[in-house]
Amino acid sequence: MTPPVDQWEFHPGHFWLRGKRPEKIVDYDEELQLWNVYGYPESAAILGNPKTFSSDTMRLDPIKLDESIVEGDFSHTDPPKHRKLRGLVDHAFTPGLVAKLESQVHGIVHELLDDIEGKSQFDLVAEFAAPLPLIMISDLLGVPASDRALFRQWMDKMLDGSEKFESPETVLEQEQELEKELELLWEMRDYWHERAAESRKRPREDLISQLVHAEVDGERLNDSQISNIANRLLVNGHLTTAMLIANTVLCMDAFPDQGARVRADRSLVPPLLEESMRYMSPICGVGRATNTDVEVAGQVIPKDQLLIVWTGAANRDERQFENPDMFDAGRSPNAHLGLGRGIHFCVGRQLARMESKAAVEILLDRLPTLRTDPANPPSFLQVVDASGVATLPVVTQ
Ligand code: HEM
């Protein structure tokens with residue numbers, strides 16, 4: 001069966017989503033002055049080698065930004081600091097602790113569906129897939145429910161300005177874009193500073209309180225570090241999971257034989273979610289910087305170069321996956337790179353898997369006739385390093 005991907009308006013750079021192969025596994029982009037890596041073994045090797053391929057990509061940015069913008073954000077940090085900072089939060093996402101959150105997640109999914117019940121059509125992203133992970137990550141961070149709308153606004157603003165690596169802009173446009181991003185960042189930082197100050201006065205069990213009282217090498221974290229870690233968890237913990245849930249519903253509908261398989265056998269929900277992360281990876285590109293001259297797929301990449309590891313394209317590599325453009329809900333093995341690999345392997349993967357499994361299972365139970373709306377096609381995020389639906393109109397009959 002021909003996949004319906006030709007009707008979907010993905011980001012134009014995401015050629016693999018249309019079943020196309022890269023011309024070269026490693027390719028230098030003169031205009032953007034960065035290296036694109038598209039192959040699976042190459043991507044897996046790069047992500048597994050933080051000594052040569054650093055996550056501190058900011059050091060190569062021609063615009064020199066204040067260190068306080070990233071300090072503490074372990075996703076941009078290398079060993080040994082990475083381990084220490086990540087250690088401050090990864091205990092909160094262990095399988096045991098995530099399992100304890102399961103009943104809470106089920107409760108939220110049911111509440112969201114209670115609000116939806118009776119509607120003959122709705123946007124699955126806005127009303128279901130996005131609120132669930134937003135509520136969960138806000139609760140873990142310990143922010144009041146009344147601030148969730150503010151978080152949602154931040155995310156929307158952030159997506160609005162995230163077309164980086166796409167087309168060369170004029171210096172003026174770049175500066176204007178940066179100014180907008182920084183404005184948002186300061187707003188978020190002020191917010192977290194207030195939360196941190198409150199937690200210092202009245203400590204609680206949440207992640208912000210834990211960060212406020214945590215120490216790295218005998219020193220407490222400063223406010224910028226706390227703010228950058230909180231933002232990292234908020235951004236990564238929210239949009240990606242929302243995309244996974246909505247992409248999965250879209251794929252079940254777009255490949256009806258696979259949708260029917262899962263409806264008939266619920267044990268296929270976990271492999272279905274893994275296949276969704278492979279086929280339409282919510283995070284499809286991650287940045288690295290070379291620490292030395294290094295050869296990748298026969299191509300020498302000099303020291304201090306920026307690389308984009310296109311995990312979304314690697315997830316379609318025939319050298320790793322049989323029939324990579326086929327959506328197979330029961331695919332096994334499925335060692336996709338959708339959650340990364342190596343020391344930066346996604347911190348929140350257990351939470352994301354648990355939330356999306358609950359969301360899809362309960363959705364299938366409560367809205368068994370749910371289908372994408374034939375009159376209103378989905379729209380896709382036009383963000384270069386993410387692939388997923390931005391809106392998914394559905395009908396319930
Ligand atoms: C389907 C959902 C998700 C996807 C597809 C996803 C994907 C990824 C990927 C690809 C990376 C590696 C980035 C790199 O190598 O540079 C990553 C890292 C990370 N993810 Fe996730 N993620 C998801 C859900 C979550 C959730 C729910 C949270 C938090 C609650 C989270 C927090 C993080 C953090 C903090 C990192 C940085 C880890 C590090 O640098 O050591 N993610 N994620």
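Predicted model: local features only at pLDDT ≥ 70, side-chain atom pairs only at ≥ 80, totals over all residues.
**Reading salt bridges and strands**

User: Thanks! Which residue does Arg266 meet in a salt bridge?

Analyst: The general idea first: side chains of opposite charge can pair when their charged atoms come close. Here the partner of Arg266 is Asp365, with 2.7 Å from N to O. This pair connects distant parts of the chain, since Asp365 sits in helix 14 (residues 349-366) while Arg266 is in the loop between helix 11 (256-264) and helix 12 (269-279), 99 residues apart.

User: How many salt bridges does the structure hold?

Analyst: There are 27 salt bridges. Another one joins Lys84 and Asp217, whose closest N and O atoms are 3.0 Å apart. Lys84 belongs to helix 2 (residues 81-86) and Asp217 to the loop between strand 5 (215-216) and strand 6 (219-220), so this pair ties together parts 133 residues apart in sequence.

User: Are Lys84 and Asp217 buried, partly exposed or exposed?

Analyst: Lys84 is partly exposed, at a relative accessible area of 36%. Asp217 is exposed, at 59%.

User: And what about Glu275 and Arg331: buried or exposed?

Analyst: Both Glu275 and Arg331 are buried. Their side chains meet in a salt bridge of 3.0 Å, N to O. Here again distant parts are linked: Glu275 is in helix 12, and Arg331 is in the loop between helix 13 (311-314) and helix 14, 56 residues apart.

User: Which residues are linked in a network of salt bridges?

Analyst: Look for Arg21, Arg316, Glu318 and Asp325, which are linked in such a network.

User: Now the strands, please. In which sense do strand 1 and strand 2 pair?

Analyst: In general, strands of a sheet pair through backbone hydrogen bonds, either parallel or antiparallel. Strand 1 (residues 26-29) and strand 2 (residues 34-37) are antiparallel, with 4 bridges. Val26 stands opposite Val37, and Asp27 faces Asn36. The two strands make a hairpin with 4 residues between them, and Gln33 in the turn has a positive phi of about 55 degrees.

User: What is the order of the strands in the open sheet?

Analyst: The order is 1-2-10-7-3, with 5 strands and mixed pairing. Strand 1 and strand 3 (53-54) are the edge strands, each pairing on one side only.

User: Which strands does helix 1 lie across?

Analyst: Helix 1 (residues 40-47) lies across strand 2, strand 3, strand 7 (286-290) and strand 10 (306-309). Helix 1 runs at about 120 degrees to strand 10.

Note on methods: Residues numbered from 1 in each chain as written. Heavy atoms only, no water. Salt bridge = Lys/Arg side-chain N within 4 Å of Asp/Glu carboxyl O. Buried < 20%, exposed > 50% of the residue type's maximum accessible area, 1.4 Å probe, protein only. Pairing = 2+ DSSP bridges. Contact = heavy atoms within 4.5 Å. Axes fitted to C-alpha atoms, helices over the stretch in contact; angles between N-to-C directions.
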